[in-house]
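Look at the sequence and the model below.

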Amino acid sequence: MGTVPSSLPNAIAASAPWRWRLIGHLLRPWIRIKTEPDRPSDVVAADRPVCYMLEQDGVSNVAILEEACRDAGLPSPLSPMAGGWLNRPRAVLALSRRAGLFSSRRQVLAQSRSFSQLLAAVAANPDLDVQLVPVSIFVGRAPNRTEGWFRVLFSENWVMVGRFRRLLSILLNGRDTIVHFSRPVSLREVVAEGLPPERTVRKAQRVLRAHFRRVRAAVIGPDLSHRRTLIDDVLNAAGVREAIEQLAVREGIPFDQAFGRARRYAWEIAADYSHPVVRSLSFLLRPLWNQLYGGVSMYHFDTVKRVAPGHEVIYVPCHRSHIDYLLLSYQLYVNGLVPPHIAAGINLNLPIVGPILRRGGAFFLRRSFKANPLYSAVFGEYVAQLFVRGVAMEYFIEGGRSRTGRLLEPRGGMLAITLRSYLRESRRPVAFQPVYIGYEKLLEGGSYTSELSGKPKEKESLLGLFKAFGLLRERYGRVALSFGEPIFLEAHLDAAAPGWRESKPIGDERPAWFAGAVATLADRILVRINEAAHVNPVNLAALALLSTPRHAMAEPDLRASLALVRTLITRLPYSERVTVTDLEPEAIIAYVEKLGLVERLRHPLGDVVRARRREAVLLSYFRNNMLHLIATSAWVACCFLNNRRLRRSTVERLGEFVYPFLKRELFLPWDAAGFSARVRETIDLFVELGLLKLDADGRMLRRRVGQTDAAFQLRVVSQTLVQAFERYYIAIALLAQHGPRVLASGELENLCHLTAQRLALLYERTAPEFFDRSLFRGFIATLKEHRIVWLDDAGKLDYGDALAEMGKDARLILSRELRHSILKLTKAGGESASDDEPDDGPAALPRERDD
């Protein structure tokens, strides 16, 4: 978005009528323009006549347009159109005007005489083509001030105001003016359709009105009817009426009583969006961001700017903090897009806070409502009504905030409701916009640590909110917002459910393809979020320091580790959208010291950098943010943690076997062939960097011997995945110890959780996700998907030889001591005789010494 300094008197040519020169002088102190796009002249051809089309006529609009055109290098709208094809002193038209001198009522021009004349001229002259440039003007849209609450009352909205109110709007908000130039329309192409002249004019004006509505909706939000009207539409919907009748019959209550319950649900759910309140909140949040954070970095924002006009945009960010709600909405608003309506948990509907959030666009939902058909019907219909009205929405498909820094297993409820709404009535194409949110410190860090250590989650309350004000004295580093590649719903359905158009559901029924389409959509969203990750200094420092038993490194070793990890990420790019901090290792160490996450221990032989004890658990959170980016490097390094030599083919073969489990846990983007190719590229890079040696025949890989720097760096990289393989081995050992057809899935999950919890106590694991139930649940589900285990008729887990082979392969990754500790905890008598082989590798591999 370009910024244009105001110089209106200079913008109007001296030959312009005296009244325009006077208007320019009067407006000079009050107007500052931001143009969209940055260079409007790039989209307007210089060799064809230009005529501008405004949504609304008005002296101020024409004057503002003149200024924007002059600074953009475009033809003046105050001069007659080149060639004299328009019988007007100005090359600007409008779709509507005020009905009278002092009226605020808008008069829509059914058939503009000037527009008709212009189209007739093009039709009569085959060599003539005129560029019609639609221009939208918004006064008071961009909130770049922190004062002037009175200005909010006169900010841009959907109502056509009178001249006096427009004057006040310019005086109060004129320095926050946006002029949006759309791509020109070729009038030659318009008349080429061959319609009668009157129909051509009416159709062109209708299309232009729709275009202006889309632009206005993208910039300031859709024209929402009153909340009460929307709720009435929800309650009068056929599906909701049917649910009310069913409730009345089921509980034996009068229809009016059941209807009253539905109305209470609707009022509990519905947002009460207010443009003035949103603008007011922007004033409040600006100093908050400056107080809490060192800045907000945005990446790939051009993606959403390109997609928002003409699409129903559903923002689907990862969920790390309560700040997520405010941060994304604020950044969208100050950068020229309307804040979305946000699905928020009912736990946030607190006194004072709840009404403010409602007016900012929040609508509330209960955590679970499967057992309440009436609530489900009301909520689903409310979302459908927002959908029909073209309201941008935001929700978190993980269901809740991640306490571990990993993406959580998706919940498809909101996606299913969205998909049903789209299938029922789709007026615009739908685009899901994944958003990665990355923090360097967490406002809720203390509560996350307490919850992960076993303390119950504190319920949100007004008292808790007041206590949180004490946290505002700290600084929390920078925040990154990175926009992933959008997922277009129609294209997704074409790929996931070919023929979906012929089998659309009727009413609330779900076709056979519905559940699968929702599940694959949820996975694709999380994959796209990961593909937009930003690697900040805290991520890198956490990954390096937590790879050592005492979370400390000599400073030179830490610098080398930081440089290596950044090299692996940049030389093996995960996706085109991943961004990495540009700080050098020395600057990274100084930065995390300043944030208070690490401490420097001075020593005559060299300083040691160590994670602060109370910060170690939280550092695991930030390490987990980037585990997926280094997964292939960590896998290759893991293979040489307890082996000096391995065949290259063995590393690749075992990688193919473990990949389905890593893919589910980390939401990785590749198929099996893609991961194999990635492993080969990683091995080549390790050899190039000197981390591994490749024999002359290119078949045998060897790590460096002893305590070399290369061996140390391999251990650093490997530690990011070792705990995952420990969890896998716990599950395999428990299954083997109990035998087939003994444990149900839930029983195995619980035993895995308890065993891992005890192992964490014995080995001082600082990563609480080590015994996270959901990770074990996902591993067991993947075992089932690949038929390594299966359910018998009684619902117990059965298995075959493939499970034993997995246990044998664990020798490549896990040390003998750790395997025996796990087996002891699971009360196994010991491992098979083959486990007594040396840790240099399986007996089948030839043993040789490094040169």
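The sections below start with the basis of the report and then take up each topic.

## Basis

This is a predicted model, in which local features need pLDDT of at least 70, side-chain atom pairs count only at pLDDT 80 or more, and totals for chains, interfaces and linings use all residues. Residues are numbered from 1 along each chain as its sequence is written, and side-chain values use heavy atoms, with hydrogens and water left out.

## Nonpolar cores

A nonpolar core is a set of buried Ala, Val, Leu, Ile, Met, Phe, Trp, Tyr and Cys residues joined through side-chain atoms within 4.5 Å; buried means under 20% relative accessible area with a 1.4 Å probe, protein chains only. The largest such core has 198 residues, and Phe-363, Phe-379, Phe-432, Trp-635 and Val-651 touch the most other members. Helix H28 (residues 709-738) gives this core its largest share, 16 residues. Helices are DSSP runs of H or I, at least four residues, and strands are runs of E, at least two, numbered from the N terminus.

A second, separate core has 26 residues, including Ile-31 and Tyr-52.

## Helix H26

Helix H26 (residues 648-666) bends by about 45° at Val-658, with Pro-660 following within four residues. The bend is the angle between axes fitted to the seven residues ending at a residue and the seven starting there. Just after H26, Phe-667 has a positive phi of about 55°.

## Strand S22

Strand S21 (residues 598-601) pairs with S22 in the antiparallel sense over four bridges; pairing requires at least two DSSP bridges.

Note on methods
Buried < 20%, exposed > 50% of the residue type's maximum accessible area, 1.4 Å probe, protein only.
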